[in-house]
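Subject: Structure for your files

Hello,

The structure is handed over below, and my notes on it follow.

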Amino acid sequence: MDNGARIYVAGLRGLVGSAIVRALKQRGLDDPIAVTPSELDLGDTTAVQRMMDRERPNRVYLDGAKVRGNKAIADAPACFTFDN
């Protein structure tokens, strides 16, 4: 892997996202683009476009998602689907 690669991992603090980051580091990428949910709302397309323009990633791993329990999903399935 090119150590100069600009890789953005959405959801890097979650179970799968953190595993992706570990795998990238094992392959020689020391510094993936780290943007937390408090810094970027993935539902805000304007903010996402600004971040993409600023960071210029050449790879994106999209693993960011809202995690809810079964009852919350059953109570509002459309909201859950839209958010993810």
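Around Arg-56

Arg-56 is exposed, at a relative accessible area of 60% (exposed means over 50%, buried under 20%, partly exposed in between, with a 1.4 Å probe and protein chains only). This is a predicted model, in which local features need pLDDT of at least 70 and side-chain atom pairs count only at pLDDT 80 or more, while totals for chains, interfaces and linings use all residues. Residues are numbered from 1 along each chain as its sequence is written, and side-chain values use heavy atoms, with hydrogens and water left out.

Arg-56 sits in the loop between α2 (45-55) and β2 (59-62); helices (H or I, at least four residues) and strands (E, at least two) are DSSP runs, numbered from the N terminus. Phi of Arg-56 is near 55 degrees, a positive value in a residue other than glycine. Most residues other than glycine have a negative phi.

Glu-55 belongs to helix α2. Arg-6 lies 49 residues from Glu-55 in sequence, and their C-alpha atoms are 7.8 Å apart. The side chains of Glu-55 and Arg-54 make a polar contact at 3.4 Å (a pair of N or O atoms within 3.5 Å; within protein, one must be able to donate a hydrogen and the other to accept it, and residues adjacent in sequence count only if both atoms are side-chain atoms).

In strand β2 there is Leu-62, which is exposed with a relative accessible area of 67%.

Regards
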